[in-house]
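Welcome to this tour! Keep your viewer open, and be ready to select residues as we go.

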Amino acid sequence: MFYAVLMARVILGGMFLVFGLNHFLKFIPMPDKTLPDAATEFGKILFTTGYLDVVKVLEVVGGLLVLSGRFVPLGLVLLTPVAVNILLFEVYLVGEGGPGVALVTLCVLLIWAYRSHFAALFTMKPKIG
């Protein structure tokens, strides 16, 4: 199980780190793929408002945390919503699966591996103080 978790961390953290940095440094050429109109409009809105810059910073920080092995649960808290949004974008706006399925699967695997760190979130009546 140790090696499966390590590989999941490296793949998930590496993907988010590389593609997050690519947004700022442009070292991987992006293919000119035609997307449906709704997906194109949504992408334009994310890009022109600067919202995508914030998401990419979260990807880089979360990817570094997951890759480093320190604060992995915090990295998962940052990356899992992004992975779910990537999956939802692919399913509802693009109409096909892609890396979103793999990203969400890796997040779920890692959340399961670190489940003891998330157990307090599922307390029905938490005590104050």
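Start by selecting Glu-59 and Lys-56, whose side chains meet in a salt bridge (3.4 Å, N to O). A salt bridge here is a side-chain nitrogen of Lys or Arg within 4 Å of a carboxyl oxygen of Asp or Glu. Before you go on, note that this is a predicted model, in which local features need pLDDT of at least 70, side-chain atom pairs count only at pLDDT 80 or more, and totals for chains, interfaces and linings use all residues. Residues are numbered from 1 along each chain as its sequence is written, and side-chain values use heavy atoms, with hydrogens and water left out.

Now colour helix 3 (residues 51-68): Glu-59 and Lys-56 are three residues apart in it, so about one helical turn separates them. Helices are DSSP runs (H or I, at least four residues), numbered from the N terminus. Are Glu-59 and Lys-56 buried or exposed? Both are buried. Buried means under 20% relative accessible area, exposed over 50%, and partly exposed in between, with a 1.4 Å probe and protein chains only.

How many salt bridges does a search of the whole structure find? The search finds three. For another one, select Lys-44 and Glu-41, with 3.7 Å from N to O. These two are three residues apart in helix 2, so they are also separated by about one helical turn. Lys-44 is partly exposed at 46% relative accessible area, and Glu-41 counts as partly exposed at 44%.

Next, select Glu-96 and Lys-33, whose closest N and O atoms are 2.9 Å apart. This pair links distant parts of the chain, 63 residues apart: Glu-96 is in the loop between helix 4 (72-94) and helix 5 (99-113), and Lys-33 is in the loop between helix 1 (2-25) and helix 2 (37-49). Glu-96 is partly exposed, with a relative accessible area of 40%.

**The largest pocket**

Show the surface and go to the largest pocket, which holds about 1,700 Å³ of space. To find it, select Met-30, Leu-52, Lys-56, Ile-86 and Phe-89, the closest to its centre of the 39 lining residues. A pocket is an open set of points, on a 1 Å grid over the protein atoms alone, where a 1.4 Å probe fits, with protein on both sides within 12 Å along at least five of seven lines; lining residues have an atom within 4 Å of a point. The volume is the space filled by probe spheres set on the points, which are joined across faces, edges and corners. Which helix gives the most to the lining? Helix 4 does, with nine residues.

**The nonpolar core**

Select Leu-12, Phe-16, Leu-76, Ala-83, Leu-110 and Tyr-114, which have the most contacts inside the largest nonpolar core, a set of 18 residues. Such a core joins buried Ala, Val, Leu, Ile, Met, Phe, Trp, Tyr and Cys residues through side-chain atoms within 4.5 Å. Zoom in on Ala-83: beyond residues up to four places away in sequence, Ala-83 touches Phe-16, Gly-100, Leu-103, Val-104 and Cys-107. Contact means heavy atoms within 4.5 Å.

**Last stops**

Move to Thr-80 in helix 4, a buried residue with a relative accessible area of 17%. Leaving aside neighbours within four places in sequence, Thr-80 is in contact with Cys-107 and Ile-111.

Finish at Phe-118 in helix 6 (residues 115-118), which counts as buried at 11% relative accessibility. With neighbours within four places in sequence set aside, its contacts are Pro-73, Leu-76, Val-77 and Ile-111.
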